[in-house]
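Subject: That model, plus some notes

Hi,

Here is the structure I said I would pass along. Have a look at it first, then read on for my notes.

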Amino acid sequence: MTTETRQPILFLSHGAPPLADDATWTDQLHEWSKGFTRPKNILMISAHWEQAPTTVSGFEKKNPLVYDFWGFPQHYYTVEYDSPLAPDLAMDVAKLIATPDNPIQHDPHRGLDHGAYVPLVELFPEADVPVLQMSLPTLDARQLFEMGRKLGELRDQGTMIVGSGFTTHNLQWFNPSAPADATPPTASAEFDHWAAEAVATGEIDAILDFENRAPGAKIAHPRIEHWAPLYVALGAADATGELTNSQTAVDGFWYGLSKRSWQFN
């Protein structure tokens, strides 16, 4: 993996910890990562950390992992990912987005949750790229989009911006007794198709207003936190003129959930 300055922006469907055992998904992420140049660091925005005001993860000795899930087999709680810290990136983030109404806080004990480390294990298995996780201070679409716009210039400093959520996320569809690649529910398939077209054509207003524009929106996302990281990614892409320069890097379904993931170059 070579090193260049400008980095892509990603939105990926990260999945629950068992997704790391799915050979199809892990192969898709391995193939995706072959096209990356080595980033200086990674700014991760996961659906699993909502905290206001905006907070960044710890930087004491290493990035600990947050096993923010319950009832899984023990081996999911022994995964390790000792990525380096990124305190300089934390300062850069603060310079770009901190305001009197939205100060940046630092949680020295907050590590990487499963929305961050599960995909990073597959994309950067050597765990040698510094990672900073940032909270979602709100689920308001416009505010997150504008935050992404402010963060967009980090790309030219070698930072890969990653929004980690899920293109459809209704856990009532999850049925482990069926094949992982079984035909998805109609609402999931229709939303996935709409999302693919909306992102490809850069329909920002429609994406930000997806609850009123997308088919089956409230079924595909009973709560919107897994869609919200896309707003940050789109804002960063829009700020650097790459909004319509996107590609689907991963597609398909996993137990009814759309795995669709995008790269903005």
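Predicted model: local features only at pLDDT ≥ 70, side-chain atom pairs only at ≥ 80, totals over all residues.

**The core**

The largest nonpolar core runs to 80 residues, and Leu151 and Trp194 have the most contacts inside it. Helix α9 (residues 228-239) supplies the largest share of that core, with 8 residues. As general background, nonpolar side chains in soluble globular proteins tend to be buried together. If you want to click around Trp194, its contacts, leaving aside neighbours within four places in sequence, are Ala206, Ile207, Phe210, Arg213, Ala214, Pro215 and Trp227.

**Helix α4 and its two partners**

Two packed helices are described by the angle between their axes and the distance between the axes, so here are both values for each pair.

Take α4 with α9. Their axes come within 6 Å and cross at roughly 45°, which makes α4 oblique to α9. The crossing of α4 past α9 is right-handed. On the α4 side you'll find Ala141, Leu144, Phe145, Gly148, Arg149 and Leu151, and they meet Ala228, Tyr231, Val232, Leu234, Gly235, Ala236, Asp238 and Ala239 of α9. Sorted by class, that contact holds 10 nonpolar, 2 polar and 2 charged residues.

Then there is α2 with α4. Helix α2 (residues 87-97) packs on α4 (residues 141-151) at about 120°, and the axes are 9 Å apart. With that angle, α2 is oblique to α4. Here too the crossing is right-handed. Val93, Leu96 and Ile97 come from α2, while α4 brings Met147, Lys150 and Leu151.

**Backbone spots to look at**

Where does the chain have a cis peptide bond? One joins Ala52 and Pro53, with omega at about -5°. Pro53 sits in the loop between β2 (41-50) and β3 (55-56).

Next, Ala127: its phi is near 55°, a positive value in a residue other than glycine. You'll find Ala127 in the loop between α3 (114-123) and β5 (131-136). Is Ala127 buried or exposed? With a relative accessible area of 13%, Ala127 is buried.

Tyr255 also has a positive phi, about 50°, although it is not a glycine. Tyr255 lies in the loop between β8 (253-254) and β9 (257-258). The relative accessible area of Tyr255 is 18%, so Tyr255 counts as buried, the cut-off being under 20%.

Which residues does Tyr255 touch, leaving aside neighbours within four places in sequence? They are Trp173, Phe174, Asn175, Pro176, Ala178, Pro179 and Ala180.

Cheers

How values were computed. Residues numbered from 1 in each chain as written. Heavy atoms only, no water. Axes fitted to C-alpha atoms, helices over the stretch in contact; angles between N-to-C directions. Helix = DSSP H or I, 4+ residues; strand = E, 2+ residues; numbered from the N terminus. Parallel < 35°, antiparallel > 145°, perpendicular 65-115°, else oblique. Left-handed = near helix turned anticlockwise from the far one by under 90°. Contact = heavy atoms within 4.5 Å. Core = buried A, V, L, I, M, F, W, Y, C linked by side-chain atoms within 4.5 Å. Buried < 20%, exposed > 50% of the residue type's maximum accessible area, 1.4 Å probe, protein only. Nonpolar A, V, L, I, M, F, W, Y, C, P; charged D, E, K, R; others polar.
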